[in-house]
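Hello,

Here is the structure you were waiting for. My notes follow below it.

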Amino acid sequence: MTVQTVKTLSELVNTPVEKLLTQMKEAGLPQSSESQEVSDAEKQVLLKHLQRAHGGDESGEKSSQRITLQRKKTSTLKGGDNKTVNVEVRKKRTYVKRNDTEDEAAKQQELLAQRQAEEQAKLAAEEKAKLAAEEKARQEAERKLAEEKAAAEAAAAEQKAKQDAQTTAKSSSDGKNSNVGAKESLEPVKQAKPAPKKNHHMTADKEPSKGKKAAPQKQDGKGKNRFGADKKRGNKNAMGDDEFGRRNKLGKKNRKAAPQEHGFQKPTAPIVHEVALPESITVAELAEKMTVKAAAVIKIMFKMGAMATINEVIDRDTATLVVEEMGHTVKFLDENAVENDIIEAIDYKGEEIKRAPVVTVMGHVDHGKTSLLDYIRTTRVAAGESGGITQHIGAYHVETPHGMISFLDTPGHAAFTSMRARGAKATDIVILVCAADDGVMPQTIEAIQHARAAEVPMVVAITKVDKDGADLDRVKNELVAQEVVPEEWGGDVQFVGVSAKSGEGIEELLEALLLQSEVLELTAVPSAPGKGVVVEARLDRGRGSVATLLVQNGTLKKGDIVLAGLQMGRVRALLDENGKPIESAGPSIPVEILGLDGTPDAGEEFLVVSDERKAREVANFRQGKYREVRFARQYSAKLENLFSEMGKDEVRTLNVVLKADVRGSLEALNKSLLDLNTDEVRVNIISSGVGGITETDATLALASEAVIFGFNVRADASAKAFIERETVDLRYYSVIYNIIDDVKQALSGMLSPDLREDIKGTAEVREIFRSPKFGLIAGCMVVEGTVYRNKQIRVLRDDVVIYEGELESLRRFKDATNEVSKGMECGIGVKNYTDVKVGDKIEVFETVEVARSL
């Protein structure tokens, strides 16, 4: 058996002797000095004592459930006269690990407490609701009691007034029958307290001054002083002191009773207003509708996170939130009442007849849409288009042996998505053109989606069947993948193979169109006023606004008043698609009109109205409404972007003034240019419009540092002179993808370049020298590339960068040099670094800017 002393045991368990002696004393052991021996039995007694102290039992099974940590920290405090005091802080913490049973009990206790809290909250809510109901009932009872009290006081006052009137009448009759003086006749009146004014007038009439004519009594009381007496001194005896006292008392009593009869009562409940909201409204008008101050509305908007001024125009949604936040109800105004009245006044009833179908040709660019129409019309339109692609919606009507058909030719370029969407909405049948050699392309799929969205039936024309490599089955399989199934394969879509060069399949295509038209049973009322859709609009020098319309119902005549979107006017001239003047246009006929006061947006509906004044009123209303809604949207966009833009790098902007020949092209250009925006660069269209470039456009471009883009338009003489004098950037285009490519390149040039590192050479340190002049010199061998004196370096150790800087000196033998090639030895001095060791590598590199692109 091994016998150890207290000191040996303390060293074995790594515990100070003093602490071990203290623990042994607590365990009941007799040791008191470090030289005393400790037996194994005493060690077991000490171990069991320590286990109990740390939360375990004697067997040690739960000794791991509790851990006691002690920490001692000594700090030094400085006092006066440079005296220092050592402060020792001892901390002891015991951590107890709970078992699963304790955890479950704690969870049950927590769940029970949560349920009790919910029950208490529920009871509190019920008690609060009960108190609120009692308070409301109490207020209602007090209000009814006040109303009854006021009614009783009013009845009492009315009864008293009747009694006073009766008493006055009685005293008047007594005064006439007796010849007593005025003072005696007033004695019974004093008891009854009559109205003093009537009694005073009566007395003055009874006893006027002798020898003088009685002064007439004025009804407005201007002849009396502030006490009600006559201003003349001679009539002072006309009213006795007793009468004056009684009259003054009655006046005061009557003045006190008046406020009780007509007093203002404060409302006991908040007043809820029904606020009628238009599409947009200013903050001042909204406050007036709610009968509150504008400052209160602005305060509510600030709390909601929207900053506004008293004259700010807000939209209907924002106003609705403000009204509901202030406790009022909302009622939406029907601002289109005038517009609805003018539309409902038009009678479209009459004899219906069969009309020609309106067919839209859609498909991918350069798949032969316009060439197919050329063959049908026996004209050559595609050759006249810039770049050989269609950039406008063309409208034609054709007389065929099978009947009349109206065609709309839509562009196939990706930029003209909105044009294709409008074409699908204004049509009865869609011809889906797909080239036999190309198959299904992106714009083909997009055309299918537009036709389905407009719920318009399709007829598929597979073009270029005479070309080598034409594969009809491949095209059919690709279209079946898009759920366009041919009739011969069990579907409902007619497939026709055609060739615009040889004319193959053209007759079958026309028959398929007319067959589909008969299935649709298209009808119209020619006797009704004309209505339809705006296909295109442009500004023509000398003729003004020229709009291409497609008449869908009724008849459009020369001299009619037309309302089209935001514009209106009287039709001064009607022209067919060939430019020949006509007098009228019936259903399914495309026509150009002159006389509108502006260029309406493509896709707007037009209708013929009978009252020019109402048409102008509707047009002005639409313009004002459009302007207000636009301002409200701009304000909302500013608020949304106010905080999102904070902290970001400045976005570089390309300002553009855009002019185009027609509305459709302008819309396509606007969308295509705005789609180029990124987080770093963006296109800002300062101004856009239809027509030639004027001096106003040039002045605006100069002021805003913008580029002028003219699409199929030119600058007039004054604009040219201004542009040349001020060197404004002006560019002309006739093909839409050319302008998109140029803007993309300009935006790419505005992007910040990427920085890349080009490693020029690497030198390996072979030896270290110390120079009294240059300090530490690394003797190196160039192992890769060339080491240059004036470029940046990195020091690598075990292929890890440990320093980055520049060279202080580069020498070849004793001579300084600017570069050392591969395989040659050199001496390198690293600037501001002296920890270079043998085996390190010195890497020479330079930073190169690389241009980015969108």
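Lys73 is exposed, at 61% relative accessible area. That residue sits in strand 3. Together with Arg71, Lys91 and Arg93, Lys73 forms a positive surface patch. Strand 3 (66-78) and strand 4 (84-96) each give at least two residues to the patch.

Please keep in mind that this is a predicted model.

The overall picture: the protein chain has 22 helices and 38 strands. Of its 854 residues, 37% are buried. Among contacts between residues at least 6 apart in sequence, 67% join residues at least 24 apart.

Now the charge pairs. The count is 25 salt bridges. Two of them are in helix 4:

- Glu135 and Arg138 pair at 2.2 Å, N to O. They are 3 residues apart in helix 4 (residues 100-177), about one turn. Glu135 is partly exposed at 34%, and Arg138 is partly exposed at 38%.
- Glu147 and Arg143 pair with their closest N and O atoms 2.7 Å apart. They are 4 residues apart, again about one helical turn. Both are partly exposed, Glu147 at 40% and Arg143 at 29%.

Asp697 and Lys659 also form a salt bridge, with closest N and O atoms 2.7 Å apart. This pair links distant parts of the chain: Asp697 is in helix 20 (residues 695-703) and Lys659 in strand 26 (residues 652-660), 38 residues apart. Both Asp697 and Lys659 are buried.

One network to look at: Glu757, Arg794, Glu804 and Glu843 are joined by salt bridges that share partners.

Best wishes

Notes: Residues are numbered from 1 along each chain as its sequence is written. This is a predicted model: local features need pLDDT of at least 70, side-chain atom pairs count only at pLDDT 80 or more; totals for chains, interfaces and linings use all residues. Side-chain values use heavy atoms; hydrogens and water are left out. Patches are made of residues with over 30% relative accessible area and no salt bridge: like charges are joined within 9 Å, nonpolar side chains (Val, Leu, Ile, Met, Phe, Trp, Tyr) within 5 Å. Accessible areas come from the Shrake-Rupley method with a 1.4 Å probe; for residues, only the protein chains shown count as cover. A salt bridge is a side-chain nitrogen of Lys or Arg within 4 Å of a carboxyl oxygen of Asp or Glu. Lys and Arg count as positive and Asp and Glu as negative; His and the chain ends are not counted. The place of a charge is taken as NZ of Lys, CZ of Arg, CG of Asp or CD of Glu. Buried means under 20% relative accessible area, exposed over 50%, partly exposed in between (1.4 Å probe, protein chains only). Contact means heavy atoms within 4.5 Å.
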